[in-house]
Amino acid sequence: MKKLSVFICLISLFFAGCASTKIDVSTLDKIAIISIGGNSHLPWYEKVDGKEPSATQGILSKSVDNILKDDDPEISEAFNRLDYAEDSFKKHVNEILSLNFVPKEDVIGSKRYRAMSEGLLHSLNTTITAKDYKDVRSPDKFNMRKMAQEIEANSFVVLNFEFFKKAVKGSKLNGEISPYIKMKVKLYNNLGKEIKNKTYVVQGTESVKSSGKNYDKEALVAMYPAVIDQLMTQFTLDFIQ
């Protein structure tokens, strides 16, 4: 019994140490962005049987999105949301953490980046990416190590977004709707080792009113950049608190 107690204490100390491990920000300078991806529409954030909803869809829904995208600002602005997220991420990391980025053209033009696979399931969902990036959610160590040498990168990052709309007052048909975004960040060192994997969540503070199935979609879509900025602030504060 005594040995068991000692073992439990050692395990607890081990995990406590892991949880408190901090990343030396200076070792990250010259970050290469591998991918910034997200869903192409704005589904409702609704839990079913206590389970978190997924923002991805199948091929059939993707084809419907392609038909409707010109008429629906929630879909037509999808690429702009991700392009904004790229700019916001770079701005916050540079201004708050004083870190620099490997030029985008050097990353996407590198031999090892072109060799990275998007995965077999890429065609089965509606994930899209910011301009010119591949949809690489789990890059392999070998290509990252080689790419670090090729483009002189000290770290790599993958951002994956889930964009939702959420009924924050009343119901979907009679209430108020706000943006709701999840951002998963995977951070790797220059050896391709994952050093951070965390999901950030922000619900917008602004909302639009709904009546029946009608609400101001353009006004709702215009609220997403501010929520993206809040996510970026959360991420950067992780390194200075």
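Guide: Let me begin with a term: a polar contact is a pair of N or O atoms within 3.5 Å, where within protein one must be able to donate a hydrogen and the other to accept it, and residues adjacent in sequence count only if both atoms are side-chain atoms. This is a predicted model, in which local features need pLDDT of at least 70 and side-chain atom pairs count only at pLDDT 80 or more, while totals for chains, interfaces and linings use all residues. Residues are numbered from 1 along each chain as its sequence is written, and side-chain values use heavy atoms, with hydrogens and water left out.

Visitor: OK, which side chain has a polar contact with Glu74?

Guide: That is Lys165, whose side chain is joined to that of Glu74 by a polar contact of 2.9 Å.

Visitor: Is Glu74 buried or exposed?

Guide: Glu74 counts as buried because its relative accessibility is 3%, where buried means under 20% relative accessible area, exposed over 50% and partly exposed in between, with a 1.4 Å probe and protein chains only. Glu74 lies in helix α3, residues 73-76; helices (H or I, at least four residues) and strands (E, at least two) are DSSP runs, numbered from the N terminus.

Visitor: And what does Glu74 touch?

Guide: Leaving out residues up to four places away in sequence, its contacts (heavy atoms within 4.5 Å) include Ser40, His41, Arg81, Tyr215 and Leu220. Leu220 is 146 residues from Glu74 along the chain, yet their C-alpha atoms are separated by 8.3 Å.

Visitor: Switching to α9, which of its residues are buried?

Guide: Tyr224, Val227, Ile228, Leu231, Met232, Phe235 and Thr236 are buried in α9, and the buried residues of this helix pack against α4, β3, β4, β5 and α8.

Visitor: How many cavities are there of 30 Å³ or more?

Guide: A search of the whole structure finds two. On a 1 Å grid over the protein atoms alone, a cavity is a set of points where a 1.4 Å probe fits but cannot get out, and lining residues have an atom within 4 Å of a point. Grid points are joined across faces, edges and corners, and a volume is the space filled by probe spheres set on the points.

Visitor: What lines the largest one?

Guide: Among its lining residues are Leu28, Phe89, Val157 and Phe235, and the largest share, three residues, comes from α4. The largest cavity holds about 40 Å³ of space.

Technical notes: On a 1 Å grid over the protein atoms alone, a cavity is a set of points where a 1.4 Å probe fits but cannot get out, and a pocket is an open set with protein on both sides within 12 Å along at least five of seven lines; lining residues have an atom within 4 Å of a point.
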